[in-house]
Amino acid sequence: MKTKLRLLIFAFFAFLTLFLTSCGGEDEVNNGTSTGNYMPLAVNNKWSYVDQFDQTDDLLIINKENLNNKVYYQVDTEATSTELGYSIKIWFAKSGAKYFSRTVIEMPAYNATVSPMEVIILRDDLNVNQTWSQNFKLTVKISGYGSQSIPVSVTGKIIEKDISVNVKGVNYSNVIKSYVKINVDGQIAETNYWFSKDIGIVKNETTENGSTIISELTNYILN
């Protein structure tokens with residue numbers, strides 16, 4: 001059982017680090033007062049990215065719904081789910097000054113489900129070097145085998161604020177750079193995000209097991 005569960009956990013974690021990095025718990029109840037909109041969320045909003053290997057990816061919002069007492073916007077992950085062979089669902093939300101990524105995975109081939117994982121990827125009300133944290137359990141259930149809880153810890157930090165950054169020849173202003181570290185049962189992923197006010201994520205850089213993926217914005221459509 002433990003081997004099967006651990007394979008599921010690794011698969012889940014690998015996906016999180018592949019896709020922008022996502023119900024877990026929050027250590028902080030107060031959502032703070034926002035200083036602006038650093039990820040505009042609306043149905044049909046779309047951001048297109050390319051990585052250093054010229055692989056492209058689109059972040060397209062297809063649905064809006066209430067989850068875990070927040071208004072969440074679902075991202076189109078059908079192509080990714082088909083490629084991986086199991087169902088992946090991802091949402092983003094903004095509540096006060098906090099920005100959340102929520103991920104759900106289902107693996108019918110294993111008769112398995114993994115509890116939703118909700119991660120804070122930005123707090124726009126914090127100053128440079130201020131931090132936030134989360135600690136919760138990720139539950140993996142397999143029909144006929146029971147379940148196992150896996151500890152998850154998240155630490156975030158504001159690295160830079162009100163900066164300008166050049167991405168693919170385009171200069172973006174009013175940018176906040178955040179750092180998020182996710183530890184799932186000893187598997188660690190570290191991500192730097194660059195959020196531009198009224199635009200969204202213009203760049204993200206994720207490192208896991210010595211490998212780094214850099215995704216940069218090439219185009220966006222906001223509604």
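User: With which residues is Ser 115 in contact, leaving aside its neighbours within four places in sequence?

Analyst: Contact means heavy atoms within 4.5 Å. By that criterion, Ser 115 touches Thr 103, Lys 137, Leu 138 and Thr 139, its neighbours within four places in sequence being left aside. This is a predicted model, in which local features need pLDDT of at least 70, side-chain atom pairs count only at pLDDT 80 or more, and totals for chains, interfaces and linings use all residues. Residues are numbered from 1 along each chain as its sequence is written, and side-chain values use heavy atoms, with hydrogens and water left out.

User: Is Ser 115 buried or exposed?

Analyst: Buried means under 20% relative accessible area, exposed over 50%, and partly exposed in between (1.4 Å probe, protein chains only). Ser 115 has a relative accessible area of 19% and is therefore buried. A polar atom of its side chain lies 2.8 Å from the backbone nitrogen of Thr 139.

User: How many salt bridges does the structure hold?

Analyst: Side chains of opposite charge can pair when their charged atoms come close. A salt bridge is a side-chain nitrogen of Lys or Arg within 4 Å of a carboxyl oxygen of Asp or Glu. The structure holds 4 salt bridges. One of them joins Asp 58 to Lys 46, with the closest N and O atoms 3.6 Å apart. Another brings together the side chains of Asp 125 and Arg 123 at 2.8 Å, N to O.

Conventions. A polar contact is a pair of N or O atoms within 3.5 Å; within protein, one must be able to donate a hydrogen and the other to accept it, and residues adjacent in sequence count only if both atoms are side-chain atoms.
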